[in-house]
Amino acid sequence: MATQAPVVVRPTGPVELPTSVVVKDLAETLGVSHADVIKELIRNGIFASINQSIDFDTASLVAAELGFEVVQSGIAERASAEAAAQQEIVAPGSDADGSGKPVLWADEAPEDLVTRAPIVTIMGHVDHGKTSLLDAIRSSQVAAGERGGITQHIGASEVVHNDKRIVFLDTPGHEAFTAMRARGAQVTDIAIIVVAADDGVMPQTKEAIDHVRAARVPMIVAINKIDKPDANPDRVKQELADHKVLIEEYGGDVIAVAVSAKQRTGLEELLEMILLVADLQDLKANPTRRAIGTIVESKIEKGRGNVATVLVQTGTLKIGDIVAVGRTSGRVRALQNAAGKRVKTAEPATAVEIIGLDDLPEAGDILRVVEDEKTARDLAETAVRAGEGRTARTLEEISALIGSAEVKELRAVLKTDVQGSLGAIRHALERLNTAEVRVNIISEGAGEINESDIQLATASDAVVIGFNTRPDPGAQRAIDVTGVDVRLYDVIYKLTDDLGAALRGMLTPKLVEQVEGHAEVRLVIKAGKAGNVAGSYVVDGRIVRGGSARLYRAGELIGETRIESLKRFKDDVREVANGFECGIGLGGAEIAEGDMIECYQMVSESA
């Protein structure tokens, strides 16, 4: 006789959720499986394990997707207003439903939505004219006497074409674009890939294309420098086709526009194509709700204090609004637009500088208008906790998710020593695919693993596979910060064995101890309830926050603990290197001057 499945009772009324909740507890509260919760998180571009905490905004978004009405614990009387303002943290254009089309903010009434301006990022190879093209677009608008001309750079620019606004992000390239994605923000609706007609598709062009594809953002190709004597647009089109970018002329769906930033030609057609793609996306927002936006950049200015540029994506931001912004919060004391003018409000798809934050936010942080200062502080504290616990997903973790049917693909960035190896390895990996799971190579190339590869893997929750190649210094620094899983191989069958095992959900981590460094305790600092802090000097290697620790006294092991906090002066830091002083919090361990702290971590054995 078959065992009867247990009856799961789903809540029938509004579900109360706290400011933050563990994924597993959320599933139990809703009466659904943790797999259902994690699937919804992944659909919305949020990756969390069953034991990780998520904030109320994220939890309410997941619950709404699963058909539940949610209120925040203790504040049911303001639930409807808060739900409207705080449910959604995924930006329009972020492909939350996997379709590649922009998504709207949750629970918006159709009658409240209005058409908004498209947000555009320009990318491409160095010296192909990204900055010149944006400058040419700006200056042509000013010369034409149209409103929207820019007199001041605040990280974003606005132009008006045919009485329609277009917002350009002044990012330095695909690195910033992907760094924001890695922080959970995706603000770009359209990407312009600039390719020089006299130079063709270059390595950074290919990288930019890979980053845009991974983000599922529509692209337009601007073939620049057509005024040059050796310009060859047809060669550029063929090279794009070789990289699987088919323009309309070649039977594809990617628009290509020939331009000359130097001679100001083709700009009108480019702007028209941007508006055409925007019309096809049907970009909308609700200007009547509380504002939600994304930080583009931040800085400290003399006489103004903490200044941040926010791109408002939905709702209207007003002077006096209380906001939570990533790990900080504050009250909006002043707003200044891209033309350098003081304004009282900022509607959707508008970039403004704001003054009034308690600390500097980071690019990619989400800004939300909330009801009161306590809510703002709670959200900021939740963001701090979530940020400290956030690490890139390892191959073993992805394998476990595959084993529990929570993901359907293993995303990989593939780098090899020479171009000839790519085809052989790609073919070998394709043979591992099944009807249920597959390897998705989101980027491939020959040469050393670089920082751009690590950024793309971070933003896409991918692993990096290297064959007969290694990370360059910039990539290694990025790996240390992000924790991206990089697998290095020199034999193809070993590579396919590991990835095949991961796809089957059977990969077992091989952990080895790695001693990071030692620090001598020179001063014991009383820190009240938080426990004592060891004022220490790093004598070799490095000390890493979150690492395991052994405490030695006179050469004898007296205990094992964990490095819970690490400071340089008053600043929290991730690590402290040899030859520097620092404050080490050891989670209540009894510390004495002269003790030696050994920092170590358990890491996967390298391939």
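Residues are numbered from 1 along each chain as its sequence is written, and side-chain values use heavy atoms, with hydrogens and water left out. Because the model is predicted, local features need pLDDT of at least 70 and side-chain atom pairs count only at pLDDT 80 or more, whereas totals for chains, interfaces and linings use all residues.

The protein chain contains 15 helices and 34 strands (DSSP runs numbered from the N terminus, with helices being H or I of at least four residues and strands E of at least two). Of its 607 residues, 51% are buried (buried means under 20% relative accessible area, exposed over 50% and partly exposed in between, with a 1.4 Å probe and protein chains only). The chain exposes about 27500 Å², and carbon and sulfur atoms supply 49% of this area (Shrake-Rupley method with a 1.4 Å probe; for residues, only the protein chains shown count as cover). Among contacts between residues at least 6 apart in sequence, 70% join residues at least 24 apart (contact means heavy atoms within 4.5 Å).

The largest nonpolar core holds 27 residues, and Leu133, Phe168, Ile192, Ile220, Leu270 and Ile274 touch the most other members (a nonpolar core is a set of buried Ala, Val, Leu, Ile, Met, Phe, Trp, Tyr and Cys residues joined through side-chain atoms within 4.5 Å). At least two residues of this core come from each of strands E6 (119-124), E8 (164-169), E9 (190-196), E10 (219-224) and E11 (255-258) and from each of helices H5 (130-143) and H9 (267-281). Helix H9 gives the most, with eight residues. A second, separate core of 20 residues includes Val195, Val201, Ile209 and Val217. Leaving out residues up to four places away in sequence, phenylalanine 168 touches Val120, Ile122, Leu134, Ile137, Ala156, Ser157, Val159, Leu271 and Ile274.

Helix H3 (residues 56-65) is largely enclosed by the rest of the structure, because eight of its 10 residues are buried. These buried residues are Phe56, Asp57, Thr58, Ala59, Ser60, Leu61, Val62 and Ala63.

Two packed helices are described by the angle between their axes and the distance between the axes. For helix H12 (residues 419-430) and helix H15 (residues 492-503), the axes come within 10 Å and cross at roughly 35 degrees (axes are lines fitted to C-alpha atoms, for helices over the stretch in contact, and angles run from 0 to 180 degrees between N-to-C directions). The crossing of H12 and H15 is right-handed, meaning that the near helix is turned clockwise from the far one by less than a right angle. Ile425, Ala428 and Leu429 of H12 make the contact with Ile492, Leu495, Thr496 and Leu499 of H15. By class, the residues of this contact are six nonpolar, one polar and no charged (Ala, Val, Leu, Ile, Met, Phe, Trp, Tyr, Cys and Pro count as nonpolar, Asp, Glu, Lys and Arg as charged, and the others, Gly among them, as polar).

Two asparagines have a positive phi although neither is a glycine. Asparagine 162, with a phi of about 50 degrees, lies in the loop between strand E7 (156-161) and E8 and counts as exposed at 51% relative accessibility. Asparagine 468, with a phi of about 55 degrees, lies in the loop between strand E24 (463-467) and helix H14 (473-482) and is partly exposed, with a relative accessible area of 38%.

Valine 307 belongs to strand E14 (residues 305-314) and is buried at 2% relative accessibility. Its C-alpha atom is separated by 7.6 Å from that of leucine 357, 50 residues apart along the chain. Not counting residues up to four places away in sequence, valine 307 touches Glu297, Ser298, Lys299, Glu301, Glu353, Ile354, Ile355 and Leu360.

Threonine 178, in helix H6 (residues 174-182), is buried with a relative accessible area of 0%. Beyond its neighbours within four places in sequence, threonine 178 is in contact with His211, Gln455, Leu456 and Ala459. The C-alpha atoms of threonine 178 and isoleucine 454, 276 residues apart along the chain, are separated by 10.0 Å.
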